[in-house]
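Here are some notes for a reader who has not seen this model before. Please read them next to the structure.

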Amino acid sequence: MQTLNFQQLLRYQDQLIDGTLHTLLLTLVAALIGTAIGVAGAAAVRGGPRPVRWAIRGYVELIRNTPSLIQLFVVFFVLPGFGLRMGAFEAAAIALGLYFGAYCTEIVRAGLDAIPGSQVEAGQCLGLTRWQVFRHVVLPPALRSVYPAFTSQFVLLLLGTSLASQISAEELFHTGGFIETRTYRSFEVYAVICGIYFALVMIFKLLFAAVGHLAFRWPVRR
Amino acid sequence: MALVDIKNVTKSYGSIEVLKGVSLSIDEGEIVTIIGKSGSGKSTLLRCINALERIDGGEITVEGQPVRTDMPNLRGFRQRVGIVFQAFNLFPHMTVERNITLAPILNKRIAKAEGRALALDVLARVGLADKIDAYPAQLSGGQQQRVAIARCLAMGPQLMLFDEVTSALDPELVGEVLKVMEDMARQGMTMVLVTHEMGFARNVASKIVFMHQGRVWEEGPPADLFANPRTPELRSFIASAR
Ligand SMILES: Nc1ncnc2c1ncn2[C@@H]1O[C@H](COP(=O)(O)OP(=O)(O)OP(=O)(O)O)[C@@H](O)[C@H]1O
Ligand SMILES: [Mg+2]
């Protein structure tokens, strides 16, 4: 039986760092796209005209009820047929952004629904515009109430970026495959990769706790 | 000309007619107290006055301008007609200062320092200047309601509406809120309030309006109305409210 040997992996340190950075970038870009979609989508589902509401509902259901891998393939292999050319990394960012956006729409909508209508009314009575009421009165407490759900979904997104390896986007999991073919040290390679994902998740959890602490300072009465 | 003129207003929710032809006029500086049984349409009438509810018939004017939910410059109108609710409706994620200055800063374009001065000024009028940096959750119900009143005052309203603003408070906190309202009355604010506080109605109001089944059943100065109720409905209401 072979003994464990991590020695060989040291030579691939640069690739591992590069893969990690790409995974981070992919996660953050997809999260940014998805969060923007989520806030706008949730607002539109509640207050938009009927066709827009239906379109968003359709999008959310479609994304949430089909495999993410196929969504990725559609963006990467099918969209170029309509003239949308893009690299693997861009395709992955878009596909994952759309994926995250569908879940975010549901999450943010739940948060908005939790804000009582009397808060909206109070804002209207002060002469605020609809947008001002949404932005200043409804959104902050709504985001607070769904922040835990949002951060869990973010972790799933981070781990889910590994799917992008299936279209050969350069990210951590893809880097793992590359090193494995060079070293034949499958177990060691994926142990290290796993460790890196784990560390990333932990770092984000700490970060989210800190951000939540800073962003949501107001006391709540139980 | 009356500040508020309500003429034959009707309002239904579905098939239930809640206001069945309400007429009422309110002069500047008047303190009008609306009393009546639960479900008689008091809140609905208040909400119609600041265009929170659409009326089905009749007309409401404020300073001669017809009040409608689709009126031009509805937002400007809302700034001139303040309303305070039973449940305070403060914004929990904002300090007292921010609650008060949000609308003036966003829409009257006042500077931040000016906003703080404004907040201090209106808070002084409700006796809470020391709470300017507190959050709503850190205040008692009575204090929260006084902040809600201050937030309204900061808009510089010509008319203030109060819907059972003491009903959600513990009995020992009712007095502090009523006192603030008495001060405002003394300073000449035009006020329309729905209340179950008969003592307040008797002592502070210039006019009492008794609503019953969606109509103004009786109205008049408190001394008259309480001493000589003309209808059996008001008589039994006064007896039960004692
Ligand atoms: N949004 C609504 N939809 C349907 N019915 C309503 C609505 N608001 C009020 N009503 C009905 O209208 C009637 C009058 O309600 P309103 O709140 O004006 O009474 P009120 O005199 O303020 O009573 P209370 O003293 O209990 O506050 C009631 O029968 C109530 O059930
Ligand atoms: Mg009521």
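1. Two bridges join strand 4 (residues 57-62) of chain B to strand 5 of chain B, and the two strands run antiparallel. In strand 5, B:P66 is the bridge partner of B:T61. Helices (H or I, at least four residues) and strands (E, at least two) are DSSP runs, numbered from the N terminus; two strands pair if DSSP finds at least two bridges between them.

2. This is a predicted model, in which local features need pLDDT of at least 70 and side-chain atom pairs count only at pLDDT 80 or more, while totals for chains, interfaces and linings use all residues. Residues are numbered from 1 along each chain as its sequence is written, chains are lettered from A and ligands numbered from 1 in the order in which they are written, and side-chain values use heavy atoms, with hydrogens and water left out.

3. The pairing above belongs to an open sheet of four strands in chain B, with order 2-1-4-5 and antiparallel pairing. Strand 2 (16-26) and strand 5 (65-66) of chain B each have a single partner strand, so they stand at the edges and one side of each is left without a neighbour in the sheet.

4. Chain B as a whole has nine helices and ten strands. Its radius of gyration is 18 Å, close to the 18 Å that the globule rule gives for 242 residues, so chain B is as compact as a globular protein of that length. The radius is taken over C-alpha atoms, and the rule is 2.2 Å times the number of residues to the power 0.38. The C-alpha trace of chain B spans about 55 × 40 × 35 Å along its principal axes.

5. Of the 242 residues in chain B, 58% are buried (under 20% relative accessible area; exposed is over 50%, partly exposed in between; 1.4 Å probe, protein chains only).

6. Which residues of helix 9 (residues 232-241) of chain B are buried? They are B:L234, B:F237 and B:I238. These cover an arc of only 95 degrees around the axis, which puts them on the same side of helix 9 of chain B; the arc is that of the directions from the helix axis to the C-beta atoms. The face turned away from the buried side carries the exposed residues B:P232 and B:S240.

7. B:N89 has a positive phi of about 60 degrees although it is not a glycine. B:N89 lies in the loop between strand 6 (81-84) and helix 3 (96-107) of chain B, and is buried at a relative accessible area of 7%.
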